[in-house]
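Subject: Structure handover

Hello,

I am passing on the structure we discussed. My notes on what was found follow it.

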Amino acid sequence: MKRTIRDLKDIKGKKVLLRCDFNVPLDNWGDILNDNRIKEALPTISYLAEKGARLIVCSHLGRPKGYDKFLSLFPVAVYLMKHFPNKVKFSSKVVGTEVDEAVEKLKPGEILVLENLRFQQGESENSPAFVNQLSSLCDIYVDDAFGVAHRKQASNYGIALKKPNAMGFLIEKELKAFDAAFKQPAHPFVAIFGGAKVDDKLNLINNFLNMADTILIGGGMAYTFLQAKGVSVGNSIVSHDLIAEAKEILSNAKQKGVEILLPVDHLVLDGEKLKKVRVPEIEGNAVGLDIGPKTIKLFCSRIKDAKQIIWNGPLGKYEDSRFKTGTIKIAKAVAKSGAFSIVGGGDSVSAIEVAGVADKIDHLSTGGGASLKLMEGKMLPAVEVIDTI
Ligand code: ADP
Ligand code: MG
């Protein structure tokens, strides 16, 4: 069993470095546009602060190359200052003597927020020198950054190999949700896939052939499968290199008795014209950008009876209001079903928010890439290096 912060004894007065995922969207004024990831980190921060840890909290934000004033963690520190009055300080440096001094001054229950880890090149490179600098700040390391747990970086993978460590409540919650879904799936188990990153995701469908009863495929993902079945798809996005693999998935599904449903109608853009296509085939140069009403009805009929649903990838180009209907209706159907529901993926989670049903989904994952890894049935490197008890 991996150690969690509940297993840490005697942390009063100890210097605890907590890695969070505060990778939140900011506007140019530094206003936080969606605070979900910070909210999800609060239980761990509160717990450690209440236990009297001298807390050093760190995170990355965006993908800066060196210092970038638009990607400072200061707005996050201000958010935390409001949440924990008189307890929070901000360090404009990530490591170095000024940080060492600020850490030494920390009293039990106080929180020092470090500047964006990725202002230091060593973070993404997992450089030994940067790992040493981070390690020297603390007695104990805690990882609660689920969103980067699929990456081996200095502040999660590197440091965990060096220091006594534990995972926080958010990583624990994420792992528990996926574990429950995969180890003892409730049936009928319906998996829904869509989105555009077919190359990254085709592989994970294989993992579901051993667990799911029905797999609904829409969005950009569907066209590689339709093409594999010999259905014309016009100019819709297709991963030509993956057609053979898609064929194999379809035939494996048949063998295993897993139902795979593909779109039977579409909303397309033909030049500048918006059209409804009432059959699976898309002719000419038209591009499929949303599932059509018959497909929505078909997919909803399976969702209605499901006891467990896992969803990754929007069913259309939902950012464009002309093509959001499929995704929104499916989101509402998932919310209305009595199924245990998990949604993972950056765009998928924002689509759920656009549909206004976030509070009706059992588990909205805070990690895009990390949730995909778990869906593939793989371990997360940053979790593997957490100490066992
Ligand atoms: P997630 O972030 O949830 O893992 P992806 O990044 O794989 O999902 O996919 C989301 C993207 O897929 C969105 O930008 C959406 O516009 C796009 N998309 C969905 N359906 C289509 C389609 N039919 N054609 C082109 N793009 C699509
Ligand atoms: Mg995405």
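Proline 188 sits in the loop that connects helix 7 and strand 7. The peptide bond between histidine 187 and proline 188 is cis, with omega about -5°. Please keep in mind that this is a predicted model.

Overall fold

The protein chain contains 15 helices and 15 strands. Its radius of gyration is 23 Å, close to the 21 Å from the globule rule for 389 residues, so the chain is as compact as a globular protein of that length. Along the principal axes, the C-alpha atoms fill a box of roughly 70 × 45 × 35 Å. Of the 389 residues, 57% are buried. Among contacts with a separation of 6 or more, 73% are between residues 24 or more positions apart.

Surface and charge

The accessible surface is about 17,200 Å², and carbon and sulfur atoms hold 50% of it. There are 53 positive and 46 negative side chains, and the centres of these two sets are 3 Å apart.

In soluble globular proteins, nonpolar side chains tend to be buried together. Here the largest nonpolar core comprises 52 residues, and those with the most contacts inside it are Ile205, Phe208, Ile215, Ile217, Phe225 and Ile260. Elements that each supply at least two residues of this core include helix 7 (169–183), strand 7 (189–193), helix 8 (198–208), strand 8 (214–217) and helix 10 (243–256). Helix 14 (368–375) and helix 15 (381–384) are also among them. Helix 9 contributes the most, with six residues.

Individual residues

Serine 341 belongs to strand 14 (residues 340–343). Is serine 341 buried or exposed? Its relative accessibility is 1%, so serine 341 counts as buried, the cut-off being under 20%. Apart from neighbours within four places in sequence, serine 341 is in contact with Ile309, Val334, Lys360, Ile361, Asp362 and His363.

- With a relative accessible area of 63%, aspartate 10 is exposed.
- Asparagine 126 is partly exposed, at 21% relative accessibility.

Regards

Note on methods
Residues numbered from 1 in each chain as written. Chains lettered and ligands numbered in written order. Predicted model: local features only at pLDDT ≥ 70, side-chain atom pairs only at ≥ 80, totals over all residues. Heavy atoms only, no water. Helix = DSSP H or I, 4+ residues; strand = E, 2+ residues; numbered from the N terminus. Rg over C-alpha atoms; globule rule 2.2 N^0.38 Å. Buried < 20%, exposed > 50% of the residue type's maximum accessible area, 1.4 Å probe, protein only. Contact = heavy atoms within 4.5 Å. Areas by Shrake-Rupley, 256 points an atom, 1.4 Å probe, with all protein chains shown as cover. Lys, Arg positive; Asp, Glu negative; His and termini not counted. Charge placed at Lys NZ, Arg CZ, Asp CG, Glu CD. Core = buried A, V, L, I, M, F, W, Y, C linked by side-chain atoms within 4.5 Å.
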